[in-house]
Amino acid sequence: MTLAWSLAELPSTQHRAGLAGLVMLVDFTRRHPLPDGAVLEVVHLDDTAFSMRLNASGLAAVFDRAYAAALEETARAKPWMRKLKDGSKTTEVPPKRREPRTVTGKEGEQTTTEVCIYDVVVPDGGPLRELAPLGDDGRWMGLWRSWVWNTLRAIPKQRTPYNSRAVAQSVVDDEDAEADPEEAKDVSLAWESLNGDNSAKLASTYYLGAMDVNAEGVSFRDRGRFLFLLHFWPFAVHVFVPRTVDAKGKTEKDGFVVCIPEVTQLAGFVRRYQRACKQRSPDSDRIWSDTPSQATIDLADAAALEAERWLEGEVGKAVQQDDARATAGFQVIHTSREGNTVRLRSNHLVAPSREQVDRARIVIECWSHLAKHQVLRNVLANRPWWHGFERACATTPQALTVHDKAFRHDARVLFDHFHPENRMTDTANELSKAPRPLESLVLHIVQNWIAGRLDGKYGLRWNEVKGQSGREPEYVEKRAKLATEAFLAARSRPGREFARWFTATLCSVNQRLTEAEFVAVARALDASPDHVRSLTLLALSARG
């Protein structure tokens, strides 16, 4: 049969990404030996449509590549336990073998313990294996496999297409291990649905976010030729790992974020995607050695910014010289697994602009999760970079704000990046006729207040103590003390109360501002005191 699809007729982002995944998988399959008698030919491919001719054997070859899997040995400290079918109790799964392992403790002591060795099924990844960057030690493929196993195929019975193709005598995580790999049911069902093109039940295994029925009792169904495409969208996505930091500063993984492209140019997207994947960084994250550094993000929706940078930035320009875009945005889905239940944490369509991508680059230089998280939120919402920091600082322990070296570093970096005029000397500022923005004025006021208080209260001046081993540390200590006290005072005063504190405290020292600058600060305190509070908290962190 001959099958044809156009991007315009497909009903969702996942379907359009599935068509792109099918294009890559067909190309991958055709570059490997096909079974005798198999027909698999590309009839037409351009930026709007794709068509191919195939028979049942050719379809089986595509599915065998899509769901290819292999057995890998894994060691467990304790035997694998499985619930009986009636759910009444659990029973131990016999391991493939047991063997001794030497374990090194935190103090360097070595102990010998016995571990259980099991065979587990690992998805192959098909064309994605060819797109992994050189020297990444399998981190990107490992991330993709982990996402598939913990999101789309979290329930053991959902893994049957992989298990049925793995050469295994015992599959420990699936009760259907006796499935015949040569007669996979998924191929016959797909061939039948493509012939009739009838409606079929739409499961969350193929369409992320689908349910049996919605709140109105309407079931999720799809046409056969459209449902067929949903087997392949996982081959056209970017997977990320969001991280969270608790009140004690401990960093943890927070599920997975998958970035599904809204494809607008089919052939162009395939070229850009393949090149972008190869140009990803092979480096590991500084905390999790098994996770790629570029895959860890501080805000779920920020995955779209990173994917946009890969596809439409330097890579896109190298593949296609004109300004045409291959995507119109991304469906960003954040999931986490609890047992056999996959929870949909968020599901947004994000269409970042190139300006937003450029603004977000600054987070590369930031260290603090809090700062990066808030700046990325502001970038995506087209708000000023400092927006919302008054609430973030008020609800976050001071150990992660003014007392955190990383947060103070980020405050300095953000001021210097978005307002380079802050690097000018006082003389240069006085000679400059251009009015300074509110951000620079607040930073100037805070800096003058700290310098004035250090001089008036402790008799410390930077130009006098700089380089003196005895007095410079005292200067730094007193400066941090003043900044912390002011930070806590500003953090606890919202609205008008903060405005009164600002004028009575920070303006109590001589501030070298022009009349127009004084008026600008006064109007900001009157119209939006919380905005000034955000800047004040950041300035105290930057200069403390």
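Student: Quick one to start: does Asp-222 count as buried or exposed?

Tutor: Asp-222 counts as buried because its relative accessibility is 9%, and the cut-off for buried is under 20%. Please keep in mind throughout that this is a predicted model.

Student: Where does Asp-222 sit, and what does it touch?

Tutor: Asp-222 belongs to strand β10, which covers residues 221-223. Leaving out residues up to four places away in sequence, Asp-222 touches His-15, Asn-198, Ser-199, Ala-200, Leu-202, Leu-227 and Leu-230.

Student: Which side chain makes a polar contact with the side chain of Asp-222?

Tutor: That is the side chain of His-15, and the polar contact between the two has a length of 2.6 Å.

Student: And how far is Asp-222 from Ala-132?

Tutor: Their C-alpha atoms are 33 Å apart in space, while in sequence the two residues are 90 residues apart.

Student: Let's zoom out. How many helices and strands are there, and how much of the protein is buried?

Tutor: The protein has 20 helices and 16 strands, and of its 544 residues, 49% count as buried. Its C-alpha atoms fill a box of roughly 90 × 60 × 50 Å along the principal axes. If you take the contacts with a separation of 6 or more, 67% of them are between residues 24 or more positions apart.

Student: Now helix α11: what span should it have, and what does the model give?

Tutor: Helix α11 runs over residues 369-380, so its twelve residues, at 1.5 Å a residue, should span 16 Å, and this agrees with the 17 Å between its end C-alpha atoms. The expected figure uses one less than the number of residues, because that is how the span is defined.

Student: Which of the α11 residues are buried, and what covers them?

Tutor: The buried ones are Leu-370, Ala-371, Lys-372, Gln-374, Val-375, Leu-376, Asn-378 and Val-379. Their cover includes strand β11 (238-245) and the helices α8 (303-312), α10 (354-360), α12 (389-394) and α13 (405-418).

Student: You listed α8 in the cover. How many of its residues are buried?

Tutor: Ten of the ten residues of α8 are buried, so this helix is mostly covered. Among them are the charged residues Glu-306, Glu-308, Arg-309 and Glu-312.

Student: How does α7 cross α8?

Tutor: The axes of α7 (residues 266-278) and α8 come within 8 Å and cross at roughly 105°. That makes the two helices roughly perpendicular, because the range for that word is 65 to 115 degrees. Phe-269, Arg-272, Tyr-273 and Ala-276 of α7 meet Trp-310, Leu-311 and Glu-312 of α8, and by class this contact has five nonpolar, no polar and two charged residues.

Student: What about His-238, buried or exposed?

Tutor: His-238, in strand β11, counts as buried at 2% relative accessibility. Apart from residues up to four places away in sequence, it touches Val-257, Val-258, Cys-259, Tyr-273, Cys-277, Ala-307, Trp-310 and Leu-311.

Student: Last one: where is Leu-7, and what is it in contact with?

Tutor: Leu-7 is in the loop between β1 (2-6) and α1 (13-30), and Leu-7 is buried, with a relative accessible area of 8%. Beyond its neighbours within four places in sequence, Leu-7 is in contact with Arg-16, Leu-19, Asp-47, Thr-48, Val-263, Thr-264, Gln-265 and Leu-266.

Technical notes. Residues numbered from 1 in each chain as written. Predicted model: local features only at pLDDT ≥ 70, side-chain atom pairs only at ≥ 80, totals over all residues. Heavy atoms only, no water. Helix = DSSP H or I, 4+ residues; strand = E, 2+ residues; numbered from the N terminus. Buried < 20%, exposed > 50% of the residue type's maximum accessible area, 1.4 Å probe, protein only. Contact = heavy atoms within 4.5 Å. Axes fitted to C-alpha atoms, helices over the stretch in contact; angles between N-to-C directions. Parallel < 35°, antiparallel > 145°, perpendicular 65-115°, else oblique. Polar contact = N/O pair within 3.5 Å; in protein donor to acceptor, adjacent residues only side chain to side chain.
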